[in-house]
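Have the viewer open and follow along.

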Amino acid sequence: MKALRGILIIFLVLSIFSFAALKIDGNKVVFTFSYPQASTVHLAGTFNNWSTNANPMRREGDLWITELELKPGTYQYKFVIDGGKVWKEDPDAPGYTDDGFGGKNGVFTLAQKDGKLVIVAPAAEIKEKVEINTERKENFSIEDNAYVVIKFYKPEAKYVFIAGSFNNWSMSDTECYSSGDGWWEAVLELSAGVYQYKFVVDGKDWVADPNAPAYVDDGFGGKNGIFEVWKEDGKLRVGAPKVQKEEEQTKVELPKENIIKSVQYEIDGKLSDVEKSTAMYSGTVIKQAYVARTSTAAYVSIVLDKPARDYVGQNVLFEVYTDAPKMTASNRKTSGGTILSKPVGFRFSPNMRTWQTRKRGTFFAAAGDDSWILQANVFKSAVDDVVEIEIPYDILGIKSGENFNIYIVCSVDGKDEVLPQEGIAIKTPTMLSGNVIAKFADKIGDDYGFGTYVYPKDPAFAPYKGLWDITEVTVLENDEAYVFSIKFAEMTNPWASPKGFSHQLVNIYLDTKAGGKTSTYKEGARVQFKEPWDYFIKVAGWPDDRIVFATADGKEIPEAIIYEADPADKVIHIIVFKKYLEVKTGIKAYILSLSQDGYGTDHIRPVSKDPTQWTLGGYPVDSKDFAPYVLDTIVPEGQKQEDILKSYVPGQSYATLIPIVVK
């Protein structure tokens with residue numbers, strides 16, 4: 001689980017020696033949790049890599065209790081109910097931090113005071129309390145665009161360690177190197193984020209860096225140094241933390257009363273009462289424009305002074321211009337030359353002059369010089385009583401919870417009407433939220449099938465490990481959807497896929513009711529299933545024929561899922577809308593990681609006896625083509641991936657996979 005991304009700075013204050021559900025007993029931390037209706041409870045957290053079975057709790061009456069011997073440091077935790085069916089935060093935790101999935105993790109810090117362990121709890125956000133060090137001498141540098149180096153002058157020291165939020169404040173994990181003349185150097189490999197730190201001299205003295213970029217209160221009457229790491233133009237940067245609020249970076253003003261709502265619409269050129277129950281804007285040629293948004297797209301309906309079909313064949317253009325948080329190029333002018341109030345990157349247009357013979361819209365991307373480049377992407381549009389346009393977020397590269405702006409433009413004989421002049425701000429629904437209903441940790445380094453598969457030889461597959469290695473799967477449930485967040489050890493994009501990842505091909509089979517199939521949806525994976533599946537999901541970096549949602553009887557419903565990737569965190573989020581699922585017996589799942597190959601059967605990269613430039617190696621020729629092409633899969637507790645994937649019978653049957661229980 002991840003700490004709250006929006007919170008840039010957290011600091012610690014000394015707490016009392018125990019909390020209602022967390023206390024110190026000698027050299028152990030005692031966790032207590034009241035949940036009498038549970039059959040089993042396990043403790044999961046950063047101390048056991050969020051394992052769902054490493055630390056069982058024992059029942060004592062209505063309470064569940066366990067003790068852990070932990071080193072000083074900062075820890076997050078949650079309680080796992082009945083094998084992972086429910087994850088609960090501690091209602092009496094010393095403090096909380098966002099778990100990255102719409103919920104909370106309990107959080108606490110152990111420190112030593114007067115030779116005894118004490119519990120230190122997180123306090124409130126303190127962005128306004130950062131003290132910039134204006135008298136510092138530069139002691140930070142970046143090496144090889146990968147490492148943060150911090151210099152510290154202490155000539156009398158025998159040895160020095162650095163402790164901070166990056167290593168759970170360990171005073172013995174990260175040693176500094178002597179660089180001569182009294183200088184010590186800490187070399188840290190850090191991802192983007194904000195970090196606090198101190199130097200530990202000779203194993204006893206905690207010293208604030210006199211040259212830290214900034215300081216915050218350490219909770220003990222002293223100061224911690226604090227700095228931020230970020231990437232800019234592909235280069236790693238380090239400096240004082242940026243303490244402005246994240247919202248100010250992409251601030252948009254939404255109408256206070258003319259609210260852009262989520263409505264059910266149909267792109268048919270007719271305007272229903274439901275489609276009118278959202279934000280409306282008035283103009284001259286454009287009498288009214290209605291704007292709505294759903295989980296997957298924005299909707300625009302344009303009402304004119306006469307039926308829109310009467311404008312077919314005339315020199316009239318109806319266009320929607322949009323920006324996007326990560327557009328690679330932008331223009332300021334419309335195709336008619338009007339300067340918009342904000343740069344835009346995309347243009348959607350059903351051309352009235354050609355609509356009679358070509359009933360489809362055209363999609364353009366900005367060239368960056370106020371010209372437009374025609375794109376092949378298809379979007380829905382219709383012309384009849386009104387003009388209707390659907391703008392898929394996927395085309396724009398917009399993720400859930402992000403903001404963007406649109407302009408509605410009517411051009412008659414080259415003269416533009418822009419509605420409204422300041423544009424319309426839209427915030428997409430935040431889908432990556434909800435309650436954690438299941439979490440599965442997977443063995444690291446097992447993207448080798450049943451143990452023999454090796455990577456292809458082409459440099460595109462560097463670093464030759466981790467690209468298909470699932471390390472964790474978290475399943476969320478919210479009112480609209482189930483979210484499968486699948487984390488990989490590595491994620492690269494050498495072939496520049498629009499989704500941000502090139503190599504991963506994810507197959508998910510869901511068992512939610514009686515009946516179904518035990519063979520794969522299409523040929524390619526070379527496996528079968530112990531229990532029948534009802535729904536099949538397939539995603540890859542290219543959202544064309546490589547995104548599938550299908551029922552066991554072969555009906556494909558592409559609108560049933562959306563997905564997005566976070567390459568920085570190496571996670572693919574697959575959002576499955578509940579209205580397309582019939583859940584009667586709970587949810588069981590088969591989650592498969594394969595190598596994406598645009599030319600492979602069902603886009604699956606083959607495995608051969610020996611690795612080649614483009615094929616994996618290690619395939620057993622004596623399997624007679626019945627060994628699987630699956631590289632990693634989540635297996636039930638107590639089972640081994642290697643055993644399951646090697647359960648094929650040469651020349652007779654594929655390996656039989658066993659499902660995991662999600663809900």
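## Ground rules

This is a predicted model, so to speak of local features takes a pLDDT of at least 70 and side-chain atom pairs count only at pLDDT 80 or more, while totals for chains, interfaces and linings use all residues. Residues are numbered from 1 along each chain as its sequence is written, and side-chain values use heavy atoms, with hydrogens and water left out.

## The core

Start with the largest nonpolar core, which has 38 residues. A core here is a set of buried Ala, Val, Leu, Ile, Met, Phe, Trp, Tyr and Cys residues joined through side-chain atoms within 4.5 Å. Buried means under 20% relative accessible area, exposed means over 50%, and partly exposed is in between (1.4 Å probe, protein chains only). Val291, Phe348 and Leu396 touch the most other members.

Which residues does Leu396 touch, not counting those up to four places away in sequence? They are Thr322, Asp323, Ala324, Phe346, Phe348, Ile391 and Phe404, with contact meaning heavy atoms within 4.5 Å. In soluble globular proteins, nonpolar side chains tend to be buried together.

Strands are DSSP runs of E with at least two residues, and helices are runs of H or I with at least four, numbered from the N terminus. Strand β24 covers residues 279-282.

β24 runs antiparallel to β25 (residues 286-293), with four bridges joining the two; strands pair if DSSP finds at least two bridges between them. Three residues sit between β24 and β25 in this hairpin, and Ser282 has Gln288 as its bridge partner in β25.

Asp458 lies in the loop between β37 (435-441) and β38 (470-477). Asp458 is buried yet has no salt bridge, and the nearest side chain of opposite charge, Arg605, is 8.7 Å away. For charges, Lys and Arg count as positive and Asp and Glu as negative; His and the chain ends are not counted. A salt bridge needs a side-chain nitrogen of Lys or Arg within 4 Å of a carboxyl oxygen of Asp or Glu.

What does join the side chain of Asp458 to that of Gln613? A polar contact of 2.7 Å, meaning a pair of N or O atoms within 3.5 Å; within protein, one must be able to donate a hydrogen and the other to accept it, and residues adjacent in sequence count only if both atoms are side-chain atoms. Leaving out residues up to four places away in sequence, Asp458 touches Tyr464, Gln613 and Trp614.

## Salt bridges

The whole structure has 24 salt bridges. One of them pairs Lys578 with Glu477 at 2.8 Å, N to O. Lys578 lies in the loop between β46 (571-577) and β47 (588-595) and Glu477 in strand β38, so the pair ties together parts 101 residues apart in sequence. Lys578 is partly exposed at 24% relative accessible area, whereas Glu477 counts as buried at 18%.

Glu490 and Lys570 also meet in a salt bridge, at 3.9 Å, N to O.
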